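The paragraphs below go through one structure, from side-chain contacts to the sheet and its packing. Please keep the sequence and the coordinates at hand.

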Amino acid sequence: EDYKKVAAFTGSHSSGVTTMVDMVATELSQRGKKVAVLDFTLNKSLFYMKCWGKEDLTYGMKNSLVSLNDGKIEPVVIGEGYHLFTVGSLGETSFDEDSFNFYKALELIRYNYDIILLEFDMESRYKWLSFGVSSIYLVNDLNVVNMIPIKRNVKELVKMGVNQKKFHLIVNKYIKSKTKAEDMLACITSPLPHLE
């Protein structure tokens, strides 16, 4: 009842990270949990997927990460118990991850929500994952080549002191892959040096 969890999701481009975050947030909120999603991705696809055509969003809601950095909690309400913090109107504001106080933002919202989900892309500030994050979910599709950038980022995180027990791999088998089954088997039986 009193356990607060912060989980991060990241993965290769077009592997289904946004869909995964949305499905987890929806499922948990339907189970009665209060869920906050902080979207640190460059393309903000979760915002556009959930808020397309909503005319009633205020400037503070569309730029709720900026508001959060200023000490104000103004999320986009996606559903009952499902709130999104993002920078949706990129043309109207400049969001600088270097000046964003990640730990202050978590501290500000952690007592309002049961679960906080963070969505990252390959360009996000991974240094934030060193502290305060319970689990890191790496999402990949069936294309094994897409694991190379994820592996590189995991190595960097481990060098920064992130506990390896936080990592969990999700293989999204519902994203179409150009890699054929026989190619994957060939890599397993006689692996290439750059694909471990």
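Does E27 count as buried, partly exposed or exposed? At 37% relative accessibility, E27 counts as partly exposed, where buried means under 20% relative accessible area, exposed over 50%, and partly exposed in between (1.4 Å probe, protein chains only). This is a predicted model, in which local features need pLDDT of at least 70 and side-chain atom pairs count only at pLDDT 80 or more, while totals for chains, interfaces and linings use all residues. Residues are numbered from 1 along each chain as its sequence is written, and side-chain values use heavy atoms, with hydrogens and water left out.

E27 has a salt-bridge partner: its side chain meets that of R31 at 2.9 Å, N to O. A salt bridge here is a side-chain nitrogen of Lys or Arg within 4 Å of a carboxyl oxygen of Asp or Glu. R31 is exposed, with a relative accessible area of 61%. The whole structure contains three salt bridges. Another joins K50 and D22, whose closest N and O atoms are 3.3 Å apart. K50 sits in helix α2 (residues 45-51) and D22 in helix α1, so this pair ties together parts that are 28 residues apart in sequence. D22 is buried at 11% relative accessible area, whereas K50 is partly exposed at 27%. E107 and R110 also form a salt bridge, at 4.0 Å from N to O.

Helices (H or I, at least four residues) and strands (E, at least two) are DSSP runs, numbered from the N terminus. Seven strands make an open sheet in the order β3-β4-β2-β5-β1-β6-β7, with mixed pairing; two strands pair if DSSP finds at least two bridges between them. At the edges are β3 (76-79) and β7 (167-171), each pairing on one side only. From one strand to the next the twist averages 25°. Axes are lines fitted to C-alpha atoms, for helices over the stretch in contact, and angles run from 0 to 180 degrees between N-to-C directions. Within the sheet, β2 (residues 35-39) and β4 (residues 82-85) pair in the parallel sense over four bridges, and V35 stands opposite Y82 in β4.

Helix α1 (residues 17-30) packs on this sheet, touching β1 (5-11), β2, β4, β5 (115-119), β6 (135-140) and β7; contact means heavy atoms within 4.5 Å. The direction of α1 makes about 170° with that of β5. Helix α6 (residues 147-159) lies across β1, β6 and β7, at about 160° to β6.

A nonpolar core is a set of buried Ala, Val, Leu, Ile, Met, Phe, Trp, Tyr and Cys residues joined through side-chain atoms within 4.5 Å. The largest has 28 residues, of which L38, F40, I116 and L118 touch the most other members. Helix α5 (102-109) is one of the elements that each supply at least two residues, and α5 gives the most, with four. A second, separate core of 20 residues includes F47, V76, I78 and L117.

Which residues form one aromatic cluster? They are F40, F100, F102, Y103 and F120. Rings of Phe, Tyr and Trp (its six-membered ring) pair if their centres lie within 6.5 Å; planes under 30 degrees apart count as stacked, over 60 as edge-to-face and the rest as tilted. There are seven aromatic pairs in the structure. The ring centres of F47 and Y48 are 5.2 Å apart with planes at 80°, so the pair is edge-to-face.
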